[in-house]
Amino acid sequence: MSKLSPKKLYGFLAAAEMVTWALLIFAMVMKYGFEQPAFVRIFGMMHGVVFISYGLVTIFVWVNERWSVGRGIAGIATAIIPFATLPFERSVLKRGLLSDSWRLAQGGDTPVGVIETIQATALRRPWLSAIVGVVLVAAITTVLLIIGPPGGPR
């Protein structure tokens with residue numbers, strides 16, 4: 001059994017996404033209710049990074065667990081709705097759709113297709129994959145910062 005199983009990784013990020021939603025909502029209350037905008041910059045960035053990470057991990061788990069297209073899209077969509085990620089994670093956990101191991105890890109299933117081959121390669125080189133994951137999240141965050149905040153410039 002992997003130390004960082006799909007079940008543990010997905011559960012952690014689902015909870016983290018909920019916490020960062022709460023922090024972002026707190027920051028917005030501080031900005032618009034008490035004219036204290038500094039929290040939005042900090043908690044907004046934190047939420048953005050966790051939001052992107054959750055989305056990428058949802059795709060990774062979706063492939064591992066062989067979720068249907070509808071379930072995978074629902075998993076990603078829950079990040080958009082405040083506090084929806086943990087209930088979604090609990091529902092797939094309850095249905096037995098989160099494993100204790102990565103099926104494409106060393107000694108596991110043979111990958112079929114490009115996406116599974118990429119995932120198998122990532123699972124067999126965890127440190128390199130972690131670095132690539134951090135770079136990918138940073139790149140997406142940077143592009144989104146260049147595009148501008150949700151709702152346009154203020």
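This is a predicted model: local features need pLDDT of at least 70, side-chain atom pairs count only at pLDDT 80 or more; totals for chains, interfaces and linings use all residues.
Buried here means under 20% relative accessible area, exposed means over 50%, and partly exposed covers what lies in between, with a 1.4 Å probe and protein chains only.

Residues are numbered from 1 along each chain as its sequence is written, and side-chain values use heavy atoms, with hydrogens and water left out.

**Overall build**

The chain holds six helices and zero strands, where helices (H or I, at least four residues) and strands (E, at least two) are DSSP runs numbered from the N terminus. Its C-alpha atoms fill a box of roughly 55 × 30 × 25 Å along the principal axes. Taking contact as heavy atoms within 4.5 Å, residues 24 or more positions apart account for 65% of the contacts with a separation of 6 or more.

**The core**

A nonpolar core is a set of buried Ala, Val, Leu, Ile, Met, Phe, Trp, Tyr and Cys residues joined through side-chain atoms within 4.5 Å. The largest one has 20 residues, of which Tyr10, Tyr54, Val61 and Trp67 touch the most other members. Two or more residues come from each of α1 (6-34), α2 (38-65), α4 (85-94) and α5 (113-124). In soluble globular proteins, nonpolar side chains tend to be buried together.

Which residues does tryptophan 67 contact, leaving aside neighbours within four places in sequence? The partners are Tyr10, Thr58, Val61, Trp62, Gly72, Phe88, Val92, Leu97 and Leu98. Leucine 98, in the loop between α4 and α5, has its own set, including Pro6, Lys7, Tyr10, Glu65 and Trp67. Threonine 20, for its part, touches Met46, His47 and Val50, not counting residues up to four places away in sequence.

| Residue | Location | Relative accessibility |
|---|---|---|
| Leucine 98 | loop between α4 and α5 | 6% |
| Threonine 20 | helix α1 | 4% |

Leucine 98 counts as buried because its relative accessibility is 6%, and threonine 20 counts as buried because its value is 4%. For a sense of distance, leucine 98 and phenylalanine 26 are 72 residues apart in sequence and 31 Å apart in space, C-alpha to C-alpha.
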